[in-house]
Amino acid sequence: MIDEVRDALRGVVAVTVTPFDDGDRIDEPALAAVVERLTRGGVRALTPNGNTGEFYSLDDDELSRAVAVTRRAAPDAVVIAGVGHEVRRAVRLATDAARQGCQAVMVHQPVHPYQSEAGWTAYHREIAQAVPDLGVVCYVRSPAVTERALRDLLHECPNVVGIKYAVPDPVAMAVLAAAVEGEAEGPVWLCGLAETWAPFFWPGGAEGFTSGLAVIAPELSLELHALLRAGDRAGAAKVWRLLKPIEDLRGRNGGEHNVSVVKEALARLGVCGRAVRPPMTELTGPDRQRVSDILRTLA
């Protein structure tokens, strides 16, 4: 199973949205439709309960339900469930993901305001050792994560198989990847900043990337990955330019509408509703029209 996870990470890892119904409950049929849209489009690695899935807006029961719906709707996919919060809660979520048949977990960057180098390692070690048969992907959003912290973790936990690197610094990722090269099999490195940054992380060792955009246009995300893998810089640049407007809209003002843009697009495509939970808000008039205009360019 670990080898299957490694192979899946060397591709597009789609981070699914979590649709809500009119009663602010998870809309399970709509979530299944989102997942099935991805698998029909050729995506074979899925992360329920990532940031695009509004992880921090879901309670434990909802997080478990999102995993269950995803597993049921995509029985042949590699499911990499998002886990996090305080360490004991993260362990509970990880063991629940294992119980439900997930092949891996993705550990959200710890949000505690005070963190030490050894503490970062200890947090991830406790989760990884609780699910030794699952692959573990570390979500790195802080430049403070050091070579020593990562090296110690890889030495102690051979099931840590991937690093989702989401610091907008491709050089820093390349330096860190080179520093831990040779640690057991070594982790698979993913660009955690999606299609906008993927071409720039590729030369430093990224072999895959995570994507919320893939929920809208899975074929285009997969095409970009295939072109990067083939070394077709011109082809990749062409797809990158096509995708950049919607990613720019998602990233505006610190990413305030990162999820709202994706849900707006899916609502216009008839896949699920556009509702998001606070502290996010739905798009309003001009931005809704902008999403509609962009969708026409992606068709």
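Predicted model: local features only at pLDDT ≥ 70, side-chain atom pairs only at ≥ 80, totals over all residues.
Q: OK, what order do the strands of the barrel run in?
A: The eight strands form a closed barrel in the order 1-2-3-4-5-6-7-8, with parallel pairing, and the twist from one strand to the next averages 25°. Strands here are DSSP runs of E with at least two residues, helices are runs of H or I with at least four, and both are numbered from the N terminus; two strands pair if DSSP finds at least two bridges between them.

Q: Which strand does strand 1 pair with in the parallel sense over three bridges?
A: Strand 1 pairs that way with strand 8, and Ala 14 stands opposite Ser 211 of strand 8.

Q: And how many bridges link strand 7 and strand 8?
A: Strand 7 and strand 8 pair in the parallel sense over two bridges, with Leu 190 having Gly 208 in strand 8 as its bridge partner. The chain gets from strand 7 to strand 8 through helix 8, in a right-handed β-α-β crossover, where right-handed means that, with the strands pointing away from the viewer, the path from the first strand over the helix to the second runs clockwise.

Q: Which way do the residues of strand 8 point?
A: Gly 208 and Thr 210 point one way and Phe 209 and Ser 211 the other, and all are buried, that is, under 20% relative accessible area, with exposed meaning over 50% and partly exposed in between (1.4 Å probe, protein chains only). In a regular strand the side chains alternate between the two faces of the sheet.

Q: Back to helix 8, which of its residues are buried?
A: Ala 194, Glu 195, Thr 196, Ala 198 and Phe 201 are buried there, and the elements that the buried residues of helix 8 pack against include strand 6, helix 7 and helix 10.

Q: Where is Pro 279, and what joins it to Pro 278?
A: Pro 279 sits in the loop between helix 11 and helix 12, and a cis peptide bond with omega of about 15° joins Pro 278 and Pro 279.

Q: What about phi at Asp 24 and Ala 194?
A: Asp 24 has a positive phi of about 65° although it is not a glycine, and phi of Ala 194 is near 65°, also positive. Most residues other than glycine have a negative phi, and most peptide bonds are trans.

Q: Are those two buried or exposed, and why?
A: Asp 24 counts as partly exposed because its relative accessibility is 40%, whereas Ala 194 is buried because its relative accessible area is 10%.

Conventions:
Residues numbered from 1 in each chain as written. Heavy atoms only, no water. Axes fitted to C-alpha atoms, helices over the stretch in contact; angles between N-to-C directions. Contact = heavy atoms within 4.5 Å.
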